[in-house]
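Please keep the 3D view at hand while reading.

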Amino acid sequence: MQNLLLRYLVLFIFSVNCFSQEINEKRKLDSLSEILKKNKQTDSLSKALIHYEIGRIYRSNFLGEQAYKEFFRAEKIFKALKDDFNYARTLYNIAVIQKNEKDYTGSEVASIEALTLLEKLDQTKSVRKYKSYIYNNLGQLFAELDEYDKSISYLKKSINLKKDYNPDNVVSIYNSLNNLALSYKSIKKYELSLRYHAEILADKNFLNNNPTYHALVLNSYGHTQYLLGDKHQIPLLYYKALNMIDSLSYRAIGISRNLAEYYNEKGKKDSAKYYAYKSKKIAKNYSNDEILQSVMLLSKIEEGEKSAEHLKEYVRLSDSLHKEERKVRNKFARIRFETNELEQENVKIARERMWLVIISIILTISALLLYVIITQRAKNKELTFAKQQQEANEEIYNLMLGEHEKIEEARASEKRRISEELHDGVLGRLFGARLSLDSLNMSNSTEAINTRGQYITELKTIENDIRKVSHELNTDFVSGSGFVDIIKTMVEGQTSVYNLSYDLEHDTNINWDIMTNKYKIHIYRIIQESLHNIYKHAQATHVNISITLKNNVICFAIVDDGSGFDVVRAKTGIGLKNMRSRIKDINGVLDIRSQKDKGTKVSIEVPINYD
């Protein structure tokens with residue numbers, strides 16, 4: 001949609017150019033350049049049309065080199081798009097510029113190529129119009145090369161086409177008629193030249209509306225009469241033509257030179273010199289060719305040293321112009337080369353950018369794949385390590401359970417020993433004492449009384465033995481055995497090694513037996529790591545450990561009387577990281593509070609998990 005709007009904008013500018021000459025071409029040129037600058041993504045056809053219109057503006061302002069560059073850029077795009085009509089009319093403009101800059105060979109090649117393209121198209125009014133323009137350019141070109149037969153042939157073709165497709169366009173027709181008259185004048189067919197000039201001069205309405213063109217034709221007509229020898233209207237025709245224009249305009253050069261030629265022939269040297277110098281002065285602002293002709297005329301009018309000076313100036317200027325013409329032809333070749341080189345460079349840059357994008361995409365994808373692979377490997381290693389750690393924890397716990405089972409076996413063995421001791425020792429003695437007392441119940445002798453006293457003493461001894469055995473049993477078999485006993489054993493061993501005194505409180509309502517091994521291993525390791533940190537950093541002498549159950553959440557509190565530390569500034573070591581990792585694994589919460597010289601409290605809350 002954007003490209004379509006741009007194309008409409010370009011076409012609008014063209015249409016305004018065709019139908020209104022009041023538009024400021026500088027503003028239009030700036031607008032077109034701005035469109036090219038701001039719309040890098042403009043479609044190719046719109047770009048070509050913009051370059052074409054910019055070239056047309058430059059050409060109308062006699063800026064041949066700039067115009068050539070823009071037309072050449074447009075030509076390349078039209079050719080690539082196979083837009084033969086626009087390609088041909090662009091070639092026509094290039095041919096005109098080349099002819100004006102005396103690159104006649106280049107102009108002829110471009111003109112013939114344009115004609116060849118137009119011949120292949122449907123012969124619409126626009127096609128025939130540009131064919132007529134090209135024929136006119138070839139006519140002028142061959143006139144410059146002094147090949148007047150070809151010039152006349154092409155100019156006649158141009159006039160016939162113009163009268164055919166648009167007979168009302170008298171400006172264009174008269175332009176070719178005037179060129180044809182000039183060619184006939186150059187080969188001294190003055191009657192034919194006058195006839196074509198007269199055809200133009202007969203259109204009074206057109207000439208009145210175009211005084212500058214009227215002056216051009218009238219001057220040429222008068223000069224042809226002069227060459228024919230019919231001088232009865234000379235110099236009246238020259239003065240009449242001069243009065244129609246600005247005396248310092250381009251058209252005044254030829255008129256002034258004709259007047260100088262006329263007065264020189266008449267022997268009126270002062271008038272001849274006046275108009276000859278005037279012609280040279282005006283020519284300096286317009287055309288080198290006109291300067292040459294004026295200098296040559298002055299060499300004929302002046303005498304002696306002045307004449308020689310003008311001849312030298314003519315030779316010097318002629319050589320200079322030939323060099324300039326070669327430079328211009330080389331410049332056109334250089335423009336084509338540089339433009340082609342620039343296009344090739346742009347193609348190369350575009351190709352390099354494409355490869356850069358492709359390589360960037362490949363590298364990005366490769367980096368992502370490498371990242372995914374490395375990340376996946378790290379995750380696999382992490383999972384493998386976690387699995388190995390879990391297996392190790394399971395093994396450790398199983399070993400602890402094995403130790404606990406050995407302890408239980410030892411307790412069972414001790415129970416059997418005590419049972420056997422009670423059965424074989426205490427019960428036997430009680431049975432013997434009971435039988436002896438039964439035999440003495442019927443006797444009241446002193447000996448019987450003393451013997452009963454001995455047996456009563458024996459019963460007291462047996463009572464003490466039973467009390468001792470009961471006490472031993474009470475000491476060995478404490479309620480809440482199992483996982484709590486494992487924690488007790490670990491705490492006793494750690495505090496003994498670390499020279500710490502301790503208090504351990506636990507809630508008997510916690511059912512450890514139905515919890516998973518992973519759950520109990522993490523709790524065991526957290527308490528173990530806490531005791532290790534107390535020994536390593538706290539310089540404590542006593543630690544309180546409490547395990548309570550609140551709302552189905554096990555709460556651990558480990559409080560020491562050590563030196564304490566700044567919780568905010570303290571570095572997190574591997575041990576604390578492991579504690580946090582374990583707590584996270586069982587969905588727990590860790591809170592550490594400490595003050596300098598007031599000890600540290602580690603609080604852990606873990607929801608019960610029976611899975």
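Which residue in β5 does Ser594 stand opposite? In this predicted model, Ser594 is placed opposite Thr600 of β5.

- β4 pairs with strand β5, residues 599-607, in the antiparallel sense, and seven bridges join the two.
- The open sheet is built from five strands in the order β1-β2-β3-β5-β4, with mixed pairing.
- Because β1 (501-506) and β4 (589-595) each have a single partner strand, they stand at the edges, and one side of each is left without a neighbour in the sheet.
- From one strand to the next, the twist averages 10°.

**Helices on the sheet**
- Helix α20, residues 517-538, packs on the sheet, where it touches β2 (542-550), β3 (553-560) and β5, and its direction makes about 15° with that of β3.
- Helix α21, residues 574-585, lies across β4 and β5 and runs at about 145° to β4.

**The α9 and α10 pair**
- Helix α9 (residues 170-186) packs with helix α10 (residues 190-201) at an angle of about 160°, their axes being 7 Å apart, which means that α9 is roughly antiparallel to α10.
- The crossing in which α9 passes α10 is left-handed.
- On the α9 side the contact includes Tyr174, Leu177 and Tyr184, while the α10 residues that α9 meets include Tyr190, Tyr196 and Ile200.
- By class, the residues of the contact between α9 and α10 comprise nine nonpolar, three polar and two charged.

Technical notes:
Residues are numbered from 1 along each chain as its sequence is written. This is a predicted model: local features need pLDDT of at least 70, side-chain atom pairs count only at pLDDT 80 or more; totals for chains, interfaces and linings use all residues. Side-chain values use heavy atoms; hydrogens and water are left out. Two strands pair if DSSP finds at least two bridges between them. Helices (H or I, at least four residues) and strands (E, at least two) are DSSP runs, numbered from the N terminus. Axes are lines fitted to C-alpha atoms, for helices over the stretch in contact, and angles run from 0 to 180 degrees between N-to-C directions. Contact means heavy atoms within 4.5 Å. Angles under 35 degrees count as roughly parallel, over 145 as roughly antiparallel, 65 to 115 as roughly perpendicular and the rest as oblique. A crossing is left-handed if the near helix is turned anticlockwise from the far one by less than a right angle, and right-handed if clockwise. Ala, Val, Leu, Ile, Met, Phe, Trp, Tyr, Cys and Pro count as nonpolar, Asp, Glu, Lys and Arg as charged, and the others, Gly among them, as polar.
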